[in-house]
Amino acid sequence: MTFLWAFLVGGFICALGQLLILKTNWTPARILVTFVVLGALLQVCMVFDSLKQFAGAGVTTPITGFGAGLVKGTFENIDKYGFIGIFTGGLTAMSAGIAVAIVSGLVIGMIFKSRSK
Amino acid sequence: MDRAEYAEYIKKITPKSKIWSSLLRAFIVGGLICLLGESLNALYKMWLPNYDQTQIGALVSSTLIFLAAVLTGLGVYDKIGYFAGGGSIVPITGFSNSITSAAMEFRKEGIIFGTCANMFKIAGPVIVVGVAIAMLCGLGYFIVGLFI
């Protein structure tokens with residue numbers, strides 16, 4: 001059942017992004033930032049965890065999951081380590097994704113040339 | 001004709017059905033990417049029973065990011081993006097695509113000053129804003145925690 005909800009909720013978030021593109025002509029960077037902030041706010045309001053329970057990757061795969069993960073990691077590290085968690089939590093939680101993105105971007109950038117369209 | 005008038009004109013001549021079809025395409029492709037994420041999640045859970053959900057989640061995101069980088073290198077992701085619009089930008093794969101395509105685009109200016117210096121041109125703001133907002137929320141959470 002989670003599979004169906006992952007598809008529906010994930011698709012809905014992406015369609016929302018497309019609607020923003022059509023109505024505002026924002027650049028991809030701005031769209032991404034908007035959804036990261038949205039995810040972070042949903043996590044702060046403690047809505048994100050229940051959404052995750054129910055739609056799984058439908059909410060974590062869109063970039064909203066990145067914002068939510070940063071906030072969740074920060075809160076968890078504060079609970080565990082106190083003050084220092086404010087600074088260590090976010091990037092620790094998202095470290096795998098960022099590291100893989102950097103390394104694969106670098107390697108692919110070195111192997112393939114940009115095609116002109 | 002100034003900018004506002006031109007925007008109005010474009011709005012008038014854009015058929016309604018075009019908007020719905022682009023929303024539908026974004027919905028389907030974005031949904032499929034999320035479905036792939038959910039499937040990977042189930043697979044990894046089966047293969048790696050010792051991992052907790054946080055680690056499984058990190059692995060799923062990493063896989064999607066890597067896949068998107070390879071597809072970008074092969075020029076496939078751009079084609080998906082042309083078809084899906086927001087459906088290819090909003091998922092974490094779009095984040096990866098923005099890094100890899102910048103890395104490829106600036107390769108001609110050298111690896112250090114081209115690729116390395118420019119790969120976060122689009123994705124950079126995401127990390128900067130994300131980290132800043134997480135720290136701000138964390139500060140609030142810490143202060144509130146002091147009083148309860």
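In this predicted model, A:M46 is an exposed residue, since 9 other C-beta atoms lie within 10 Å, and the limit for calling a residue exposed is 12 or fewer. A:M46 sits in the loop that joins α2 to α3 (48-55) in chain A, and its phi is near 60 degrees, a positive value in a residue other than glycine. As background to that backbone angle, most residues other than glycine have a negative phi.

A second case is found in the loop between α1 (2-24) and α2 (28-44) of chain A, where A:N25 has its place. The phi of A:N25 is near 60 degrees, again a positive value in a residue that is not glycine, and A:N25 is exposed, with 10 other C-beta atoms within 10 Å.

From these loops we can turn to a contact between the chains. Helix α6 of chain A, which covers residues 85-111, packs against helix α8 of chain B, residues 124-147, at an angle of about 140 degrees, and the two axes are 8 Å apart. The crossing in which α6(A) passes α8(B) is right-handed.

On the side of α6(A), the residues that take part are A:G85, A:I86, A:F87, A:G89, A:G90, A:L91 and A:I98, and they meet B:I127, B:V131, B:A134, B:M135, B:G138, B:L139 and B:F142 of α8(B).

Notes. Residues are numbered from 1 along each chain as its sequence is written. Chains are lettered from A and ligands numbered from 1 in the order in which they are written. This is a predicted model: local features need pLDDT of at least 70, side-chain atom pairs count only at pLDDT 80 or more; totals for chains, interfaces and linings use all residues. Axes are lines fitted to C-alpha atoms, for helices over the stretch in contact, and angles run from 0 to 180 degrees between N-to-C directions. Helices (H or I, at least four residues) and strands (E, at least two) are DSSP runs, numbered from the N terminus. A crossing is left-handed if the near helix is turned anticlockwise from the far one by less than a right angle, and right-handed if clockwise. Two residues are in contact if their C-beta atoms, placed from the backbone, lie within 7 Å. A residue is buried if 20 or more other C-beta atoms lie within 10 Å of its own, exposed if 12 or fewer, and partly exposed in between; C-beta atoms are placed from the backbone.
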